[in-house]
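Thanks for coming. I have one structure to go through today, so please look at the sequence and the model first.

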Amino acid sequence: MPNIKSNLKEMRLLKNLTQEQLADKLGVTRQTINAIEQDKYQPTLYLAHKCAQLFNVHIEDIFKFN
């Protein structure tokens, strides 16, 4: 399975969102957001797509596949 690095924290901070606020917008828990930001959880394609839509960027702008 490929390793995925996330820029989610940087994107979230640019929008002045807390982890809780972002989690609410994406329909996940704050713990999920924290785990993604810590590169401890690899999001599903569906969740990665929702993140990209929310920030109006490409998935690859948030998640780097190694």
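This is a predicted model: local features need pLDDT of at least 70, side-chain atom pairs count only at pLDDT 80 or more; totals for chains, interfaces and linings use all residues.

Residues are numbered from 1 along each chain as its sequence is written, and side-chain values use heavy atoms, with hydrogens and water left out.

Now the fold. The protein has five helices and two strands; helices are DSSP runs of H or I with at least four residues, strands are runs of E with at least two, and both are numbered from the N terminus. In sequence order the pattern is β-α-α-α-α-α-β. The radius of gyration is 11 Å, close to the 11 Å that the globule rule gives for 66 residues, so the protein is as compact as a globular protein of that length. That radius is taken over C-alpha atoms, and the rule is 2.2 Å times the number of residues to the power 0.38. Along the principal axes, the C-alpha trace spans about 30 × 25 × 20 Å.

Next, burial and contacts. Buried means under 20% relative accessible area, exposed means over 50%, and partly exposed is in between, with a 1.4 Å probe and protein chains only. Buried residues account for 35% of the 66 residues. A contact means heavy atoms within 4.5 Å. Of the contacts between residues at least 6 apart in sequence, 56% join residues at least 24 apart.

Helix H2 covers residues 19–26, and its buried residues are Gln-19, Leu-22, Ala-23 and Leu-26. Seen down the axis of H2, they fall within an arc of 100°, so they line one face of the helix. The arc is that of the directions from the helix axis to the C-beta atoms. Asp-24 and Lys-25, on the other side of H2, are exposed. The cover over the buried residues of H2 includes helix H1 (8–14), H3 and H4.

Which residues does Ala-23 touch, not counting residues up to four places away in sequence? They are Val-28, Thr-29, Arg-30 and Ile-33. Ala-23 itself is buried, with a relative accessible area of 1%. Just after H2, Gly-27 takes a positive phi of about 75°.

On to H3, where Ile-33, Ala-35, Ile-36 and Glu-37 are buried. Their packing partners are strand E1 (4–6), H1, H2, H4 and strand E2 (63–65). Glu-37 belongs to this helix, which runs over residues 30–37, and has a relative accessible area of 12%. Leaving out residues up to four places away in sequence, Glu-37 touches Leu-8, Lys-9, Arg-12 and Gln-19. Just after H3, Asp-39 has a positive phi of about 60°.

Last, the loop between helix H4 (45–55) and helix H5 (59–62), where Val-57 is found. Is Val-57 buried, partly exposed or exposed? Val-57 is partly exposed, at a relative accessible area of 26%. With residues up to four places away in sequence not counted, Val-57 touches Met-11, Ala-52 and Ile-62. Val-57 and Met-11 are 46 residues apart in sequence, and their C-alpha atoms are 9.9 Å apart in space.

That is the end of my part.
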